[in-house]
Amino acid sequence: MAEISGIKHRTIHVNGINMHIAEKGDEGAPIVLFIHGFPELWYTWRHQIEGISAMGYRAVAPDMRGYGDTDAPTDARSYTYGHLVGDLIGLIDELKAEKVFVVSHDWGAVVAWWLCLFRPDRVKAAVNMSVPFAPRNPKMKPIDMLRAGYGDDYYICRFQVPGEIEGEITEAGGADKLLKKVFAYRNPAQFMLPKGQSAFSEVPPFPNWLSEADAAYYCDTFSRTGFTGGLNYYRALNLNWEITAPWTRAQVKVPVKFIVGDLDLTYNAPGVKDYIHKGGMKRDVPLLEDVVVLQGVGHFLQEEQPDVITKHIYDFINKF
């Protein structure tokens, strides 16, 4: 499918790892860098790669560290924001670009916020989706805060013990169990994974916005690679909190558009709507130009509403 659409694939060496990238568009065109989240791949951007490249841009989507055909260090300490942003700076350098547009989703948005904090000189503007900027709380580590707020069954807390959730996924029957459970989730309530096989006893089908071929691509890839690389992003959260102390109360000084679905669990977490709409995020992201809330849309908005998202991206980056 990727080959038929004209998307080119190659592997580059950046920041000590081999990174797989998918790209389409004229080499001299402005670059739009697409950053995926969990449990995703470059493939999550297939619709936007097509649409944005047809509009005169060069679309570039890597498999992030830990995913797909990019190297996946086993140690969670290799997944700090320094590593992840460093990978992207290496990629931007390899593309011989001074600045790029950034489009991100989920964990990709987290990395994009930190890319904008660490290296605003390399980002023209950003369209970040699903996960708003999260200012560092200097008084409490994030995992401790999540465990206190939601309990041990909260999915991020359940991801903390190396090998535990991976073993449960294997016992339940494989990668498709977790992928179906995550991709089909449209409940604004927080995502819980009770310990043991009860978490996977009733698994919904893939949502209708994923074709059989799309679902097979995800299942085949994660069956081959496993989920440890992606889970290590969550396992490095407390370490990231420790090493980013110098950026407490730092502002994101890059033009930003933020998009979220109203059924997204991140949007419905306690305090998030007030933070987004009542001035908190504008204080921390002073160049925040637009906030879009898509009605009746869940977490994976770029796949659920691909044409809508592509238009939002183009309308924003076309101003710069």
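Predicted model: local features only at pLDDT ≥ 70, side-chain atom pairs only at ≥ 80, totals over all residues.
Contact is taken here as heavy atoms within 4.5 Å.

By the contact criterion, and leaving aside neighbours within four places in sequence, D262 is in contact with Y267, N268, V293, L294, Q295, G296 and V297. D262 is located in the loop between β7 (256–261) and α11 (272–277). A polar atom of the D262 side chain lies 2.6 Å from the backbone nitrogen of G296, and G296 is also one of the residues in contact with D262. D262 is buried, yet no salt bridge is formed by this residue. The nearest side chain of opposite charge belongs to R186, at a distance of 6.6 Å, whereas a salt bridge requires a side-chain nitrogen of Lys or Arg within 4 Å of a carboxyl oxygen of Asp or Glu.

Strand β1 (residues 8–14) pairs with β2 in the antiparallel sense, over seven bridges. In this pairing, I17 of β2 is the bridge partner of V14. Two residues separate β1 from β2, and the two strands form a hairpin. N15, in the turn, has a positive phi of about 50°.

Strand β2 is also joined to strand β4 (residues 58–62) by four bridges, and these two strands run antiparallel. Here E23 stands opposite V60 in β4.

Note on methods. Residues numbered from 1 in each chain as written. Heavy atoms only, no water. Pairing = 2+ DSSP bridges. Buried < 20%, exposed > 50% of the residue type's maximum accessible area, 1.4 Å probe, protein only. Lys, Arg positive; Asp, Glu negative; His and termini not counted. Polar contact = N/O pair within 3.5 Å; in protein donor to acceptor, adjacent residues only side chain to side chain.
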